[in-house]
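Student: I would like to learn how to read a protein model, one feature at a time. Please show me the structure before we start.

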Amino acid sequence: MLRLYLVRHGETVWNFENRIQGASDVPLNEKGRDQAKSLAIKLQKIQFLKFFSSPLERAIETAKIISMSQHSAITKKDNFAELDQGKLEGLKFQEIQEQFPEFSSKWRIVPGEVRMPGGETLHELQERAWAGIENIYNEFFDEEKPILIVSHNLAIICILSKILGVSLNEFRKFRQHNASVNIIEHDSMRGWSVVTMNDLSHLS
């Protein structure tokens with residue numbers, strides 16, 4: 001059985017300001033670093049086989065803080081980067097509604113069927129994120145130790161949606177807070193299953 005821990009990065013200034021981050025390389029803020037330290041304490045007794053991270057700084061920094069006690073190297077994997085949101089990056093939600101009204105209307109109703117202006121679609125994100133999961137499974141399917149992946153809100157939601165068979169038009173039924181933990185498993189009887197979702201117990 002293969003067990004993967006999917007972790008969302010800690011908070012950034014843009015998270016705090018409710019700005020769209022996407023592929024923009026925004027570092028953690030102080031709260032985000034504190035969240036990552038709490039994550040590290042929660043996970044310190046687990047011996048991870050490997051640490052993977054999105055190549056974006058906020059994810060890498062989160063992974064470094066978690067992996068510090070195990071002195072483990074971090075492998076950057078482009079598959080787990082956040083949705084490229086193109087022209088929307090850096091904007092607040094009100095600004096998006098004002099500048100891209102037609103997109104905003106479709107994004108509210110059928111988000112799985114629209115392209116971010118100058119960026120990706122949720123389906124493209126799901127395809128590359130899931131390819132990353134399959135690559136890890138194909139290499140490590142018979143390993144007993146778990147693997148940790150630090151990624152992003154929409155990337156993790158797309159992975160969970162794939163496993164649970166939820167349409168991307170319904171992605172808002174999922175929540176992924178900063179520094180949350182999700183656990184997914186693969187075994188020969190069930191295939192992929194979700195064990196834990198959006199665990200925030202270490203931040204309470």
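Student: Which helix gives the largest share of the lining of the largest pocket?
Tutor: This is a predicted model, in which local features need pLDDT of at least 70 and side-chain atom pairs count only at pLDDT 80 or more, while totals for chains, interfaces and linings use all residues. Residues are numbered from 1 along each chain as its sequence is written, and side-chain values use heavy atoms, with hydrogens and water left out. A pocket is an open set of points on a 1 Å grid over the protein atoms alone, where a 1.4 Å probe fits, with protein on both sides within 12 Å along at least five of seven lines; lining residues have an atom within 4 Å of a point. Helices are DSSP runs (H or I, at least four residues), as are strands (E, at least two), numbered from the N terminus. Here H5 supplies four residues, the largest share of the lining.

Student: How much space lies in the largest pocket?
Tutor: A volume is the space filled by probe spheres set on the grid points, which are joined across faces, edges and corners. For the largest pocket this comes to about 950 Å³. Its lining has 37 residues, and the closest to the centre are Arg 8, Ile 20, Phe 93, Asn 153 and Leu 154.

Student: Which residues of H3 are buried?
Tutor: Buried means under 20% relative accessible area, exposed means over 50%, and partly exposed is in between (1.4 Å probe, protein chains only). Helix H3 spans residues 57-67, and nine of its eleven residues are buried. They are Arg 58, Ala 59, Ile 60, Glu 61, Thr 62, Ala 63, Ile 65, Ile 66 and Ser 67. These buried residues pack against S1, H2, S2, S3 and S4, where contact means heavy atoms within 4.5 Å.

Student: Which residues touch the most other members of the largest nonpolar core?
Tutor: In soluble globular proteins, nonpolar side chains tend to be buried together. A nonpolar core is a set of buried Ala, Val, Leu, Ile, Met, Phe, Trp, Tyr and Cys residues joined through side-chain atoms within 4.5 Å. In the core of 37 residues, Leu 4, Leu 122, Ile 133, Ile 136, Ile 149, Ile 159 and Ile 184 touch the most other members. Helix H7 gives the largest share of this core, eight residues. Another core, of 14 residues, lies apart from it, and Ala 179 is among its members.

Student: Why is the pair of Tyr 137 and Trp 192 edge-to-face?
Tutor: A pair of aromatic rings is described by the distance of the centres and the angle of the planes. Rings of Phe, Tyr and Trp (its six-membered ring) pair if their centres lie within 6.5 Å; planes under 30 degrees apart count as stacked, over 60 as edge-to-face and the rest as tilted. The whole structure has eight aromatic pairs. For Tyr 137 and Trp 192 the centres are 6.0 Å apart and the planes are at 65 degrees, so the pair is edge-to-face. Tyr 137 is in H6 and Trp 192 in S6, 55 residues apart. Tyr 137 is partly exposed at 23% relative accessibility, whereas Trp 192 is buried at 18%.

Student: Where is Ala 179 found?
Tutor: Ala 179 is in the loop between H7 and S5, and it is buried, with a relative accessible area of 0%. Most residues other than glycine have a negative phi. Phi of Ala 179 is near 65 degrees, a positive value. Asn 18, in the loop between H1 and H2, also has a positive phi, near 60 degrees.
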